[in-house]
Amino acid sequence: MLEVRGVSKTYKSRRGDKRANDAIDLTVRPGEIVALLGPNGAGKTTLLRQIAGQLLPSAGTIEVAGVDMVRHPLAAKEFISVIPQECEPKLNLTVEEHVRYFAQLKGVPRSDARRYTTDLLRATGLETYQGKLVRELSGGLRRRVLIAIALAGPHVRLLLLDEPTTGVDPEARRSVWQLIDGLRARRIGILLTTHYIEEAEYLADRVAIVNGGRVVAEGTVQAIRDRLPYRGRLEVRGLDHLTPEGRASLREAERKYPATFRTGNIERLQVQDPFRADVIREVEGLHALGLEASLAPVSLEDAYLSLVDGSTAEGS
Ligand SMILES: Nc1ncnc2c1ncn2[C@@H]1O[C@H](COP(=O)(O)OP(=O)(O)O)[C@@H](O)[C@H]1O
Ligand SMILES: [Mg+2]
């Protein structure tokens with residue numbers, strides 16, 4: 001569905017050149033959801049805009065459904081729908097009118113447009129809102145409308161979503177996730193960008209972690225986690241009210257397990273195997289001293305933090 005090979009992008013300006021993408025390889029197959037996960041400034045939007053044919057790559061090739069995006073942009077764009085970052089529906093129309101308008105614009109014949117739109121609103125869980133003005137909907141519902149609009153049209157094979165839930169509240173975010181997850185059944189390919197680790201974890205069949213314009217890890221969430229040299233983490237909370245015994249035991253634990261992260265109140269330590277009896281006993285010991293200690297298998301977050309050096313991110 002999508003084949004990206006060796007794609008690079010250098011922005012040229014008077015203040016100097018900026019290499020935003022550096023030899024990126026990426027594949028998205030039909031029915032698959034792939035997440036580009038990375039901090040602000042990693043180069044996610046740049047890559048998406050090149051794939052969408054809005055920006056020419058400085059090097060490399062992009063094929064969409066077998067069509068070369070650089071050589072045949074008009075033909076390749078037929079297969080792609082893109083929702084840009086921070087995009088909002090602008091027209092003063094109802095949900096139904098919005099989706100029908102774009103469906104017709106993208107080539108659904110006028111005579112079929114109403115039935116086509118009804119089906120699409122049902123598929124995106126928007127039928128109960130169809131008579132409402134889009135500008136009066138909540139942020140999460142407006143994102144759903146954007147996705148419905150993006151799906152409209154007879155040829156869509158690849159959906160590009162740039163930060164689909166940024167700025168959406170946590171509850172609405174989950175409903176957008178469910179909608180995106182349900183689109184697998186349509187057998188289109190979905191490429192989304194996000195800086196939310198959870199979003200990639202919930203949605204993606206495969207994740208490409210991007211940092212400084214490079215793909216620094218690629219694979220299933222499990223494969224990326226498995227590359228960490230340890231399997232578990234010990235998290236201790238309540239560091240701001242330790243007893244002297246608690247503090248001594250924590251020092252002891254820190255000597256055995258390397259710390260990965262610490263704030264005034266929470267600390268994380270790496271453990272080789274979180275299910276080993278001696279590790280569990282040790283955590284029980286910390287508990288007995290009144291420390292809030294918990295063991296967990298490593299998550300995508302642990303892998304992400306080990307790969308993405310905070311100093312290279314551009315704020316957030
Ligand atoms: N039009 C542009 N001209 C120059 N630099 C740009 C331009 N667009 C983005 N950049 C820079 O390229 C890098 C990647 O940006 P972007 O692709 O927007 O990252 P992301 O979407 O991951 O936040 C950043 O350092 C950004 O400042
Ligand atoms: Mg971006």
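Modeller: Below we go through the ligand shell, the domains and a sheet.

Modeller: Residues count from 1 along each chain as written, with chains lettered from A and ligands numbered from 1 in written order. This is a predicted model, where local features need pLDDT of at least 70, side-chain atom pairs count only at pLDDT 80 or more, and totals for chains, interfaces and linings use all residues.

Colleague: Which element gives the largest share of the shell around ligand 1?

Modeller: The surrounding residues include Lys18, Lys44 and Thr45 (C-beta, placed from the backbone, within 6 Å). β2 (18-28) and α1 (44-51) each supply at least two shell residues; helices are DSSP runs of H or I, at least four residues, and strands runs of E, at least two, numbered from the N terminus. The largest share, three residues, comes from α1.

Colleague: What distance separates the centres of domain 1 and domain 2?

Modeller: Domain 1 spans 2-226 and domain 2 spans 232-297, with bounds from an automatic or database domain assignment. Taken over C-alpha atoms, their centres are separated by 41 Å.

Colleague: Why does one side of β12 and of β14 lack a neighbour in the sheet?

Modeller: The open, antiparallel sheet has four strands, ordered β12-β13-β11-β14 (pairing takes at least two DSSP bridges). β12 (259-262) and β14 (292-297) are at the edges, so each has a single partner strand.

Colleague: And which residue of β13 is the bridge partner of Ala259?

Modeller: β12 pairs with β13 (residues 266-271) in the antiparallel sense, over three bridges. Ala259's bridge partner in β13 is Leu269.
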